[in-house]
Amino acid sequence: MENKHEVLLKVEHLCQYFRLGRKDLKAVDDVSFEIKKGETFGLVGESGCGKTTTGRSIIRLYDITSGNVYFKGQRIGAGTRSYKDAIKNARSKAKEKIKLLRSESGIDATRKAEIEEEIKKINEETKAIVAENRALIKDARFDSKSVDKQYAQTLLKSLEAEYENKFALAQGDEEQLKALKKECRNRCRVAKKSKLITQIQMIFQDPVASLDPRMTVRDIIAEGLVINGITDKDYINEKVYEILEMVGLVREHADRYPHEFSGGQKQRVGIARAVIMQPEMIIADEPVSALDVSIQAQVINLLNDLRERLGLTILFIAHDLSVVKYFSDRIGVMYFGKMVELADSDELFKHPLHPYTRSLLSAIPLPDPVYEKQRTRIHYNPIAEHDYSVDTPSFREITPGHFVLCNDKEEQEYLKLIK
């Protein structure tokens, strides 16, 4: 029986910085959350808040700056740049301190001995910092390489156990035994190439840009199977046809090119490309934002059907809160690279605590002209709303399962609001 409380994906203190000359653009800054098996986790926020970068960092399209990403208990992503920066800073500070000590003039023999002792101590401390951070870099690199090796070995062991029983049952039937051995060799070859990260697939925001215009729909959908080492063309074709029908297209579409499809159909091809890999988790990066409203509903319903039929876990990235409420079990709200609030879908809409969340909810239009005339928009101004000059904020659990980025004073205010 599936454990609904099992944590499938865990993101710890994820930071994704991009170099802009001598400065860093903090696209994602210290974001942490968990996604349980079988749930849909909505990630919302305005354009440029870091939602897409978070998704791309999880699936390792970007090398993360710092933090860790765990999938099924295995570390699949670890930032090493922060460790490299720590080594660089430690050496730079040591150099400055030593230079300052050696610049002293007119000193006696006793002070000279003291300076040499201090320099020795600084060098030892720097060496310790360098050794510690190098060990962390080594661990991170080892984990990223060994996790796929371990995953492949686990698959091979399960296949060996499966075919051992099949071979025993087929004893005496040479034709069946020969066919089983061939099937076993093919599946073992695929298992050796398998990687844990392929259990997470991504649906991209722009269906036009994410599909290669020079490839047929058959080649686009089957590409993942080919990369994994599957060479049986009949098997590949049958899988492609099966998935096309599953996402609401027909077999005849397999030989067409992307430009022959509408926007909604292109997005269905993108969904088929992700689903054919039989993933446990899908990252849907604003999959309906580029589509018409009527088509949006169809694609959302398709994702819901696939989730129930295939037992998928979904990270649903969007900026439309009304869509996220309908589709998600829990919602995380991001602003300026940080997670500012996280709660169950119903709880977030009933008791929004962070001023930015309240601002987002106040912007949702309703098909009621009377209500719309009276609706007042809440404008969020972080400088006016927060004073973090003395008491810095942290991500805190205000009520069970409801987390907010706040300091001590704000925490007390939020507790009063809920009571």
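This is a predicted model: local features need pLDDT of at least 70, side-chain atom pairs count only at pLDDT 80 or more; totals for chains, interfaces and linings use all residues.
Visitor: What makes S359 count as buried?
Guide: The relative accessible area of S359 is 8%. Buried means under 20%, so S359 is called buried.

Visitor: Where does S359 lie, and which residues is S359 in contact with beyond its neighbours within four places in sequence?
Guide: S359 belongs to helix α11, which spans residues 355-362. Apart from those neighbours, R377, I378, H379 and Y380 are in contact with S359.

Visitor: Why are α7 and α8 called roughly parallel to each other?
Guide: Helix α7 (residues 263-275) packs with helix α8 (residues 293-310) at an angle of about 15°. Angles under 35 degrees count as roughly parallel, and the pair is therefore described that way. The axes of the two helices are 10 Å apart, and the crossing of α7 and α8 is right-handed.

Visitor: Which residues make the contact of α7 with α8?
Guide: From α7 come G264, Q267, R268, I271 and V275. From α8 come I295, Q298, V299, L302, L303, L306 and L310. These divide into eight nonpolar, three polar and one charged.

Visitor: How many residues does the protein chain have, and what share of them counts as buried?
Guide: The protein chain has 419 residues, and 46% of them count as buried. The chain has 14 helices and twelve strands.

Visitor: What share of the contacts between residues at least 6 apart in sequence joins residues at least 24 apart?
Guide: In the protein chain, that share is 64%.

Terms used
Residues are numbered from 1 along each chain as its sequence is written. Side-chain values use heavy atoms; hydrogens and water are left out. Buried means under 20% relative accessible area, exposed over 50%, partly exposed in between (1.4 Å probe, protein chains only). Contact means heavy atoms within 4.5 Å. Axes are lines fitted to C-alpha atoms, for helices over the stretch in contact, and angles run from 0 to 180 degrees between N-to-C directions. Angles under 35 degrees count as roughly parallel, over 145 as roughly antiparallel, 65 to 115 as roughly perpendicular and the rest as oblique. A crossing is left-handed if the near helix is turned anticlockwise from the far one by less than a right angle, and right-handed if clockwise. Ala, Val, Leu, Ile, Met, Phe, Trp, Tyr, Cys and Pro count as nonpolar, Asp, Glu, Lys and Arg as charged, and the others, Gly among them, as polar.
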